[in-house]
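Here is a tutorial in questions and answers. It is meant for a reader who has not seen this structure before.

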Amino acid sequence: MAKQNGSAADSIVVVQAKTDGPREAADEIARQLAAADLAMLVVFVSPFYEPQTFIAELSSRMPDVPIFGCTTAGELSPSGWDEDSVVAMGFNAADFVIAARPLFDLTTFRVDHGRSMCTELQNEFAQRTEHCDHTHDSFGLLFIDGMCQREETIMSAIYASLGDIPVVGGSAGDGLRFEKSWVFHGGEAFTDAAVLILIRTRLPFRLFKCDHFEPTSTKMVVTEADIEHRIVKELNAEPAALEYSRAVGLSESKLELFSFAAHPVLVRVGGAYYARSIQRTNPDGSLQFFCAIDEGMVLTVARERDPIDVTSRLLKELTEDLGEVSMFIGFECVLRRLDVEQRQLSREMSELYRRNKVIGFQTYGEQYRSMHVNQTLTGIAIGKRALAPQ
């Protein structure tokens, strides 16, 4: 089964495939996009499909189109929230110019590596966009292995090197297994890797981020941590899981993924609060985080707001700002989905995304400008192509 949203003449053509295997999914995607003149294809692939087989098969069917993307913890499709599918976005060559670079061996990544890569990428990007007029503007998309635990270092290097080009993106997922995630570049699937894509377009666009939490007066200080592995051992000089459970009003025996989804903590950076989510409790009572932590960091207990209302208002504001939105490219934390599901609001959120054409994937972390965040929806709203004068 394949679903197509839009026509080959649209700025971004969206195709979704649900089949029994990766070869069949590649067939469906390639067939639906055969008539499109694409600057690139971005694919978000459920771990239901073997990633290496899928990307090799799709690349062989579309050899002249650069293909990027990653595996997911769920898909944001034309019909709303989904899973066990492939969602593909074809960017029309008439509206987009792109240049991309992969980053490999993230385990040994250094900031100077990122700066060198960004310099090479910017030089290529400048050559490809030198014909563009002054109405064009640029942004970046970043897809990164969600198991690498190196997002902050990579975002820091990119942010320092790209100047005024803003970047959004997501950390690749593996369903709820948290074992191995993949990114796609050059017809292959890679772990311990990332891909950065610079995009220039004359279409109007706006970056966005959205969460449904606000700070309370309850604070916790990280007093002992394994910074390299994102593990908090002590909060307020007490065992981390014990102190966290006290602060959020839960029994320590009830701490699991759904509890953490409903009770994230916040970090204040530059006057704004950003969510920091916990992945699990370790046997020694420490807490494994999805984001970087540090000793001395102040964590603020969060209070939930209505996620439907908050998200609806943001999408409405962006639509009013741009005049009309052709698509919201979204990167949504899988814990945000779990929290909404617990509150029995899945149908409402999925329908909200369907009505507003929110297309993307559910992540193990979200990128927004210089920040790596959790339990957030980040992305970019793309306006519509101006009509030619009659």
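The dialogue below goes from a sheet and its helices to single residues.

Q: What kind of model is this, and how are residues numbered?
A: This is a predicted model, in which local features need pLDDT of at least 70, side-chain atom pairs count only at pLDDT 80 or more, and totals for chains, interfaces and linings use all residues. Residues are numbered from 1 along each chain as its sequence is written, and side-chain values use heavy atoms, with hydrogens and water left out.

Q: In which order do the six strands of the open sheet lie?
A: Strands of a sheet pair through backbone hydrogen bonds, either parallel or antiparallel. Helices (H or I, at least four residues) and strands (E, at least two) are DSSP runs numbered from the N terminus, and two strands pair if DSSP finds at least two bridges between them. Here the order is β6-β5-β24-β23-β27-β14, with mixed pairing. The edge strands, β6 and β14 (205–210), each pair on one side only. Neighbouring strands of this sheet are turned by 20° against each other on average, direction ignored.

Q: In which sense do β5 and β24 pair?
A: Strand β5 (residues 75–77) and strand β24 (residues 358–363) are antiparallel, with two bridges. Leucine 76 has glycine 360 in β24 as its bridge partner.

Q: Which strands does helix α7 lie across?
A: Axes are lines fitted to C-alpha atoms, for helices over the stretch in contact, and angles run from 0 to 180 degrees between N-to-C directions. Helix α7 (residues 307–322) lies across β14, β23 (325–333), β24 and β27 (377–383), at about 165° to β14. Helix α8 (residues 334–342) lies across β6, β14, β23, β24 and β27, at about 90° to β23.

Q: How are α7 and α9 oriented to each other?
A: Angles under 35 degrees count as roughly parallel, over 145 as roughly antiparallel, 65 to 115 as roughly perpendicular and the rest as oblique. The axes of α7 and helix α9 (residues 346–356) come within 10 Å and cross at roughly 10°, so α7 and α9 are roughly parallel to each other. Contact means heavy atoms within 4.5 Å. Residues of α7 including Pro307, Ile308 and Leu315 meet residues of α9, among them Met349, Leu352 and Tyr353.

Q: Is serine 85 buried or exposed?
A: Buried means under 20% relative accessible area, exposed over 50%, partly exposed in between (1.4 Å probe, protein chains only). Serine 85 is buried because its relative accessibility is 0%. Serine 85 sits in the loop between β6 (80–82) and β7 (86–92). Beyond neighbours within four places in sequence, the contacts of serine 85 include Gln16, Phe44, Tyr49 and Glu75.

Q: Where is proline 215?
A: Proline 215 belongs to strand β15 (residues 213–226). At 33% relative accessibility, proline 215 is partly exposed. Leaving aside neighbours within four places in sequence, proline 215 touches Leu266, Tyr273, Thr300, Val301 and Arg303.

Q: What is the phi of phenylalanine 178, and what is that of alanine 237?
A: Most residues other than glycine have a negative phi. Phenylalanine 178 has a positive phi, near 55°, and lies in the loop between β10 (167–171) and β11 (183–185). Alanine 237, not a glycine, has a positive phi of about 65°, and its place is in the loop between β16 (231–235) and β17 (238–239). Phenylalanine 178 is buried at 15%, whereas alanine 237 is exposed at 51% relative accessibility.
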